[in-house]
Number of protein chains: 2
Amino acid sequence: MPVDQLSVTFAALCDPTRRAIIARLAGGERTVTELAEPHDMSLPAISKHLRVLEQSGLIERGRDAQRRPCRLKAAPLKEAVDWLEEYRRFWEQSFDRLAVYLDELQASQRAADGKKRPPRTPSPKKAP
Amino acid sequence: MPVDQLSVTFAALCDPTRRAIIARLAGGERTVTELAEPHDMSLPAISKHLRVLEQSGLIERGRDAQRRPCRLKAAPLKEAVDWLEEYRRFWEQSFDRLAVYLDELQASQRAADGKKRPPRTPSPKKAP
DNA sequence: TTTCTAATTAACCAAAAGGTTAAATAAAGT
DNA sequence: ACTTTATTTAACCTTTTGGTTAATTAGAAA
């Protein structure tokens, strides 16, 4: 059963070891042992992480004698960022000023009397 | 063992059902049954997804009689996008024009003769 | 050819993820 | 009081994930 690229990308990014590896590779090509060095973890474990990153398209592996230098291929990150950007307005909160206002109002009222049920937040209207 | 917010956020986002729920909530508050409706999945399964989203801070749940209306709280997405933006230059490829050029050169050579091993890509140099 | 170095594969394990059905809870409606 | 609606919890199952150690492969160096 095929999994979409976006899911694979986010799955690759949800492990801190893998994000650290990506961060390291931003500084240029690194071998497996170089990448493993800062982590308190066996080499096979790192190898598995690299396989996940490779299959997600986030890295590519070359060959230099016995070494397998890895380099970053950040293209899949673009898709991820594009998806996230769709929601920018939500965290930049110009959009839900009303919701934020009502949330705070409710919070202060609960804090003030603590007995009355707060009024329901109305669902947001379309932009005028 | 505590898990960092970024890992939790990416983990929440790596499931397509959960991303669909987020997308739906961008249109405003929705109840659990409303959110479940488009998915070929049991209600408890949706309930679990919502719990994941709630624990990651991506949604908040209110109360309206028996209903538990969910609303989007996109704040954690900002952290995710901030992390990703660090790598923008990598997919916008002004940085690795050389690498891209060499990749394409190698690809066309392999396509052309298919027998000679392509020359090793040199590791990227520091910006001049 | 033997030996060292770099990395992967194999076999295993525990815990987490993602789903199921059946039962429980909460509030409203009759 | 009973029923209906909305949702969660419990118990269970299978697959995936993230790690381990031991063995294997690949190539360089002696």
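Two residues are in contact if their C-beta atoms, placed from the backbone, lie within 7 Å.

**Entry 1: chain A by itself**

A reminder to myself: this is a predicted model. Among the contacts in chain A with a separation of 6 or more, 51% join residues 24 or more positions apart. Next I looked up the secondary structure, and chain A comes to 7 helices and 2 strands. I then walked along the sequence and wrote down the pattern α-α-α-α-β-β-α-α-α. As for burial, 23% of the 128 residues of chain A count as buried.

**Entry 2: two helices in chain A**

I picked out helix α1 (residues 5–13) and helix α5 (residues 75–85), both of chain A. They pack at an angle of about 100°, and their axes are 9 Å apart. Angles from 65 to 115 degrees count as roughly perpendicular, so α1(A) is roughly perpendicular to α5(A). Which residues make the contact? On the α1(A) side I noted Q5(A), L6(A), T9(A) and F10(A). On the α5(A) side I found P76(A), E79(A), A80(A) and W83(A). Sorted by class, the residues of this contact are 5 nonpolar, 2 polar and 1 charged.

**Entry 3: how chain A relates to chain B**

I superposed the two chains next. A rotation of 180° with 0.0 Å of shift along its axis puts chain A on chain B, with an RMSD of 0.0 Å. That is the relation of a two-fold axis. Which C-alpha of chain A is nearest the axis? I found that of F10(A), 2.7 Å from the axis. F10(A) was already in my notes, as one of the α1(A) residues in the contact with α5(A).

**Entry 4: where the chains touch**

I counted 28 residues from chain A and 28 residues from chain B in the contact. On the side of chain A that touches chain B, the elements giving two or more residues are α1, α5 and α6 (88–91). Why do I say the copies meet through the same surface? Because 100% of the interface residues of chain A are also interface residues in chain B.

**Entry 5: DNA strand C**

Then I turned to the DNA. There are 22 residues around DNA strand C, and T31(A), T33(A), P44(A), S42(B) and A45(B) come nearest. The elements giving two or more residues to this surface are α3 (32–36) and α4 (43–55) of chain A, together with α4 (43–55) of chain B. I noted that α4(B) gives the most, with 5 residues. The surface near DNA strand C has 10 nonpolar, 8 polar and 4 charged residues.

**Entry 6: DNA strand D**

How many residues surround DNA strand D? I got 22, the closest being S42(A), A45(A), T31(B), T33(B) and P44(B). Here α4 of chain A gives two or more residues, together with α3 (32–36) and α4 of chain B. The most comes from α4(A), with 5 residues. By class I wrote down 10 nonpolar, 8 polar and 4 charged for the surface near DNA strand D.

**Last jotting**

One thing to remember on the helices: α4(B) gives the most to the surface near DNA strand C, and α4(A) gives the most to the surface near DNA strand D.

Key:
Residues are numbered from 1 along each chain as its sequence is written. Chains are lettered from A and ligands numbered from 1 in the order in which they are written. This is a predicted model: local features need pLDDT of at least 70, side-chain atom pairs count only at pLDDT 80 or more; totals for chains, interfaces and linings use all residues. A residue is near a molecule or strand if its C-beta atom, placed from the backbone, lies within 6 Å of it. Helices (H or I, at least four residues) and strands (E, at least two) are DSSP runs, numbered from the N terminus. Ala, Val, Leu, Ile, Met, Phe, Trp, Tyr, Cys and Pro count as nonpolar, Asp, Glu, Lys and Arg as charged, and the others, Gly among them, as polar. Copies are superposed by least squares on the C-alpha atoms of residues with pLDDT of at least 70 in both. Axes are lines fitted to C-alpha atoms, for helices over the stretch in contact, and angles run from 0 to 180 degrees between N-to-C directions. Angles under 35 degrees count as roughly parallel, over 145 as roughly antiparallel, 65 to 115 as roughly perpendicular and the rest as oblique. A residue is buried if 20 or more other C-beta atoms lie within 10 Å of its own, exposed if 12 or fewer, and partly exposed in between; C-beta atoms are placed from the backbone.
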